[in-house]
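Student: I have a structure open and would like to go through it slowly with you. Could we start with whatever I need to know before looking at contacts?

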Amino acid sequence: MSASTADPASPPPRTVPPPDERSALVVVDVQYGFCTGGHLAVPDGEAVVPVINRIGPAFVNVVLTQDWHPAGHASFASSHAGRQPFQTAELGYGTQVLWPDHCVQGTHDAALHADLDLPQAQLIVRKGFHPGVDSYSAFQEADRRTPTGLDGYLKQRGITRLYVCGLATDFCVAWTALDAQRLGYDTWVIEDATRAIDLDGSLANAWETMAAQGIGRMQSSELA
Ligand code: VGL
Ligand code: ZN
């Protein structure tokens with residue numbers, strides 16, 4: 001195959017730029033609910049914690065997100081008669097995957113993992129608090145209309161590049177990264193600082209969609 005037939009879905013790997021004062025680490029949903037024993041446990045979810053703790057000092061700017069649902073949230077299967085977790089439902093804004101009740105406001109399941117060691121973190125964005133709308137992305141709710149305010153916060157602070165990590169790769173991490181890139185941030189996902197749910201090929205699909213949008217895929221070892 002000649003060099004001119006490069007597959008646009010798999011662009012050549014780019015060199016990872018070193019984080020600077022206009023960069024932020026975005027730590028998505030590292031909560032007990034997504035770790036072993038949590039209500040929506042992601043396989044090996046807690047394994048991201050030591051990786052994130054190791055890379056944390058490379059960042060002056062750190063933002064965390066926290067999935068933060070009221071009891072009876074529309075994304076919970078238990079809110080839909082006859083539906084089971086991991087089935088889907090049609091909500092006003094589109095098709096919603098139904099989840100086990102998870103990350104209910106004020107519960108241990110919703111707490112950030114206590115072993116996260118990011119003392120310089122500046123902001124915690126809570127999302128998914130509107131009873132009828134889910135929010136995988138840290139920027140915009142699933143209705144694709146309601147902003148969380150994070151874009152305004154980052155732009156007012158002059159942040160232009162984001163390194164995204166956390167849980168889960170194929171839902172909240174991917175949706176956050178895709179919105180970030182669309183909103184003009186140079187966006188990187190730190191693969192070994194994420195873990196996935198992987199429903200019906202959702203992980204492969206997420207990486208493909210992110211690559212097609214020009215989002216960088218990198219490893220924590222590439223940070224100086
Ligand atoms: C998430 C499903 C439901 C996530 C949150 O953090 O990826 N996934 N709520
Ligand atoms: Zn959720």
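Tutor: Let us begin with a term: a polar contact is a pair of N or O atoms within 3.5 Å. Please keep in mind as well that this is a predicted model.

Student: Okay, so how far is a nitrogen atom of ligand 1 from the side chain of Asp 67?

Tutor: The distance from that nitrogen atom of ligand 1 to an N or O atom in the Asp 67 side chain is 3.1 Å, and because the cut-off is 3.5 Å, the pair counts as a polar contact.

Student: And which backbone atoms come up, say for Ala 168?

Tutor: For Ala 168, a backbone N or O atom lies 3.0 Å from an oxygen atom of ligand 1, and a polar backbone atom of Cys 172 is likewise 3.0 Å from an oxygen atom of the ligand.

Student: How much of ligand 1's accessible area does the protein cover?

Tutor: On its own ligand 1 has 260 Å² of accessible area, and the protein covers 100% of that. The space that ligand 1 takes up is the largest cavity.

Student: What kinds of residues make up the shell around ligand 1?

Tutor: By class, the shell has nine nonpolar, one polar and two charged residues. Among the residues surrounding ligand 1 are Asp 29, Trp 99, His 102, Tyr 136 and Phe 171.

Student: Back to Ala 168: where does this residue sit?

Tutor: Ala 168 is in the loop between strand S6, residues 161-167, and helix H3, residues 169-182. In general, most peptide bonds are trans, and most residues other than glycine have a negative phi.

Student: Then which residue has a positive phi near 45°?

Tutor: That residue is Cys 103, which is not a glycine, and its place is in the loop between strand S4 (94-97) and strand S5 (123-127). Asp 44 also has a positive phi, about 65°, without being a glycine, and Asp 44 lies in the loop between strand S1 (23-28) and helix H1 (48-55).

Student: Is Cys 103 buried or exposed?

Tutor: Cys 103 counts as buried, because its relative accessibility is 0% and the cut-off for buried is under 20%. Asp 44, with a relative accessible area of 42%, is partly exposed.

Student: New topic: what does Gln 96 contact with its side chain?

Tutor: The side chain of Gln 96 makes a polar contact of 2.6 Å with the side chain of Tyr 93. Gln 96 belongs to strand S4, and at 2% relative accessibility this residue counts as buried.

Key
Residues numbered from 1 in each chain as written. Chains lettered and ligands numbered in written order. Predicted model: local features only at pLDDT ≥ 70, side-chain atom pairs only at ≥ 80, totals over all residues. Heavy atoms only, no water. Helix = DSSP H or I, 4+ residues; strand = E, 2+ residues; numbered from the N terminus. Buried < 20%, exposed > 50% of the residue type's maximum accessible area, 1.4 Å probe, protein only. Near = heavy atom within 4 Å. Polar contact = N/O pair within 3.5 Å; in protein donor to acceptor, adjacent residues only side chain to side chain. Areas by Shrake-Rupley, 256 points an atom, 1.4 Å probe, with all protein chains shown as cover. 1 Å grid on protein atoms, 1.4 Å probe; cavity = no way out; pocket = protein on both sides within 12 Å on 5 of 7 lines; lining within 4 Å. Sits in = over half its atoms within 2 Å of the grid points. Nonpolar A, V, L, I, M, F, W, Y, C, P; charged D, E, K, R; others polar.
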